[in-house]
Amino acid sequence: MNILIINIKELVQVENACREWVAGAEMASLKTIKDAYLMISRGKISDFGKMSDLFMPEDAGNRRLQIIDARGKMVFPAFCDSHTHLVYAGSREIEYVDKIRGLSYEEIAKRGGGILNSAKRLHEASETELIAQAMERLEEIMHYGTGAVEIKSGYGLNAQDELKMLRVISKLKEFSPLTIKSTFLGAHAVPAEFKGRQHEYVDVVINEMIPMVATENLADYIDVFCDKGFFTTEDTERILMAGIKYGLRPKIHANELDYSGGIQVGVKYNALSVDHLEYTGDAEIRALSGSETMPAILPGAAFFLNMPLAPARKMIDAGLPVALASDFNPGSSPSGNMQLILSMGCILYRMTPEEAINATTLNGAYAMGVSDELGSIAIGKKANVFITKPIPSVEFMPYAYGSNKVESLILEGKIMF
Ligand code: NIG
Ligand code: FE
């Protein structure tokens, strides 16, 4: 079935020539069309423009063309959430209380909480249980306007459980209407049985896990938690080199807890993105300049852990692109609500609404390797769009934080709700 959306108050993030990403001063511009229409054919965007230029197709009124009147409402490309850990078992609100009482993320991790706590629960959960929990989370993020999501492993921490997680993600790709990319994150934490023998665990990741993941074709990307108290830059280099040999492009956690050198390592190995970036100074900005690596900021984790904020303003002013993602996970960001991330981008990071929208759509798409098919309203791209409730302006989207402004979601030309 084809869909024609008419009387759109404002059609947001339109592109005539497709760009891979937007960087620096360009991030402040967001092309929109007021009083617009959008035509969707065979799951793809086939036409758009001003209502005054709409030439009613011959099959209008035919059962194969559904017409949606979006008077007073806006249409956006669905959000592309380029960094999540949304396959996990159970929740960790006890640690949340410990954090409120003053324990740091690293202190909780050292006591066997944190990622290791999730690894224990994941080990005990069946694939079916994990799929059911993750499908519920996917359903929830769709209601907030997400149309594409990257999901990492990293709560397995042994070959068997890492593969279990990645197989679950493969099933989600099959069952869910969302566009999903999967990332192998065997080096998320050092499991308890390797305490004091981190090098040996890195060997297991390289010699056992990566070959198995690649043979079963279970991952699109490879990640390492390169940070103080987790994996060193040397560990990271070894793992990334091994992954690259198997065709896995890096997309890494870097500089969340310290100036860890992670950003430089990511750029050196041509990572698709380096993520978190709370500790980013001039040297890191210089390293990113001119590279093909997207800096991705995760406001939910910084907010939830009460951490310093990544210098988004400084990065954009230096000419870099920036993506914003949710980091949906049980320990540092138990929410995948990209509308909230959009608001945080503006409120906490002083990004303008235009910059934050670019960061959650086109730049998010780049950071998960799908900007050729998603992230903007462009002819030939997948028809992943949401229709808002009646709203007064584009700026209202980040302004009205905490309330859901999404009324309807279309994924690959199918109306989800
Ligand atoms: O992106 N920083 C590392 N990993 C996750 C946290 C995972 C967890 O605590 O379970 C993150 O914040
Ligand atoms: Fe993360």
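Reply: Domain bounds here come from an automatic or database domain assignment. The model is predicted, so local features need pLDDT of at least 70, side-chain atom pairs count only at pLDDT 80 or more, and totals for chains, interfaces and linings use all residues. Residues are numbered from 1 along each chain as its sequence is written.

Me: Which domains is the protein chain divided into?
Reply: Domain 1 covers 2-77 + 376-415, and domain 2 covers 79-367.

Me: What separates their centres?
Reply: 30 Å, taken over C-alpha atoms.

Me: And how many residues are in contact?
Reply: 34 residues of domain 1 touch 37 of domain 2, with contact meaning heavy atoms within 4.5 Å.

Me: Ligand 1 now. Which residues come nearest?
Reply: Tyr 105, Tyr 155, His 188, Glu 256 and Ser 332, out of 15 around ligand 1. Being near takes a heavy atom within 4 Å.

Me: What is that shell by class?
Reply: 4 nonpolar, 8 polar and 3 charged residues. Asp, Glu, Lys and Arg count as charged; Ala, Val, Leu, Ile, Met, Phe, Trp, Tyr, Cys and Pro as nonpolar; the others, Gly among them, as polar.

Me: Which side chains have a polar atom by a ligand oxygen?
Reply: Among them, Tyr 155 at 2.6 Å and His 253 at 3.0 Å. A polar contact is a pair of N or O atoms within 3.5 Å.

Me: How much of ligand 1's accessible area does the protein cover?
Reply: 100% of the 320 Å² that ligand 1 has on its own, by Shrake-Rupley with a 1.4 Å probe.

Notes
Chains lettered and ligands numbered in written order. Heavy atoms only, no water. Polar contact = N/O pair within 3.5 Å; in protein donor to acceptor, adjacent residues only side chain to side chain.
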